[in-house]
Amino acid sequence: MDITVNGEPRAVPNPRRNLLSYVRYDLGLTGTKYGCGEGLCGACTVLVDGQPLKSCMSTVGAVAGGSIKTIEGVANDGSLHAVQQAFIEESAMQCGYCIPGFIMAAIGLLEREPRPSRDTVRPALSGNLCRCGTYLRIERAVIRAAEGPR
Ligand code: FES
Ligand code: FES
């Protein structure tokens, strides 16, 4: 059984392996964060076939055959993704721990809805928590990314 992670095919030694543990500890992609381990904070969000998934709540087997993207796979040839760039421009990070999860959730949102309103952004990111409370800056960053080229 194989999956693709950031465009590279990867073997899955144990389909029951927790997806977050697989990404962080087996593949060394530590940009995906462990927050709560219970599906409540969104720090572990990755994209599976373009849609956000809280990896702490999944096994590798559950996404077998799928295409996984982590924060390490978002930039393209050294150029930041528009969402990453917008987070920098809006100074959306404080400690930064939650940010990879927010960025993945935001990219998933923009895939579904390229020009979201503020009222759409809030519920779409409501599964992601920021202990530093940078929600308004994050929201502005997502809107900025939507307005610019991607
Ligand atoms: S670590 Fe997965 S939702 Fe918190
Ligand atoms: S920036 Fe610190 S938890 Fe969000």
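User: How many charged side chains are there, and how far apart are the centres of the two sets?

Analyst: This is a predicted model. The protein has 16 positive and 14 negative side chains. The centres of the two sets lie 6 Å apart. Lys and Arg count as positive, Asp and Glu as negative.

User: What makes the protein agree with a compact globule?

Analyst: The radius of gyration. For 150 residues, a compact globule would have a value near 15 Å. The protein has 15 Å, so the two agree. Along the principal axes, the C-alpha trace spans about 40 × 30 × 25 Å.

User: How much of the protein is buried, and what does the surface consist of?

Analyst: Buried residues make up 45% of the 150. Buried here means under 20% relative accessible area. The protein exposes about 7600 Å², with carbon and sulfur atoms supplying 49% of that area.

User: Which helices and strands does the chain form, and in what order?

Analyst: There are five helices and five strands. Along the sequence they follow the pattern β-β-α-β-β-β-α-α-α-α. Take contacts between residues at least 6 apart in sequence: 59% of them join residues at least 24 apart.

User: What makes a set of residues a nonpolar core, and which members of the largest one touch the most others?

Analyst: The members must be buried nonpolar residues, joined through side-chain atoms within 4.5 Å. The largest such core has 26 residues. V83, F87, F102, I103, L125, I138 and V142 touch the most other members. Helix 2 (82–89), helix 3 (99–112) and helix 5 (135–147) each give two or more residues to this core. Helix 3 gives the most, with nine.

User: What does L125 touch?

Analyst: Leaving out residues up to four places away in sequence, L125 touches F102, A105, A106, I138 and V142. There is also a second, separate core of 13 residues, which includes Y22, V23, L29 and V63.

User: Which residues of helix 2 are buried, and what do they pack against?

Analyst: A82, V83, Q84, A86 and F87 are the buried residues of helix 2. They pack against helix 3 and helix 5. Just after helix 2, S91 takes a positive phi of about 50 degrees.

User: Why is D49 called exposed?

Analyst: The cut-off for exposed is over 50% relative accessible area. D49 has 55%, so D49 is exposed. D49 sits in the loop between strand 3 (45–48) and strand 4 (51–54). Its phi is positive, about 50 degrees, although D49 is not a glycine.

User: How do you know that D77 is exposed?

Analyst: By the same cut-off, over 50%. The relative accessibility of D77 is 79%, so D77 counts as exposed. D77 lies in the loop between strand 5 (67–69) and helix 2. Phi of D77 is positive too, near 50 degrees, and D77 is a residue other than glycine.

User: A11 is in a strand. Is A11 buried or exposed?

Analyst: Exposed. A11 belongs to strand 2 (residues 8–11). The relative accessible area of A11 is 55%, and exposed means over 50%. Therefore A11 is exposed.

User: What separates the C-alpha atoms of A11 and A64?

Analyst: A distance of 9.8 Å. Along the chain, A11 and A64 are 53 residues apart.

Methods. Residues numbered from 1 in each chain as written. Chains lettered and ligands numbered in written order. Predicted model: local features only at pLDDT ≥ 70, side-chain atom pairs only at ≥ 80, totals over all residues. Heavy atoms only, no water. Helix = DSSP H or I, 4+ residues; strand = E, 2+ residues; numbered from the N terminus. Rg over C-alpha atoms; globule rule 2.2 N^0.38 Å. Buried < 20%, exposed > 50% of the residue type's maximum accessible area, 1.4 Å probe, protein only. Contact = heavy atoms within 4.5 Å. Areas by Shrake-Rupley, 256 points an atom, 1.4 Å probe, with all protein chains shown as cover. Charge placed at Lys NZ, Arg CZ, Asp CG, Glu CD.
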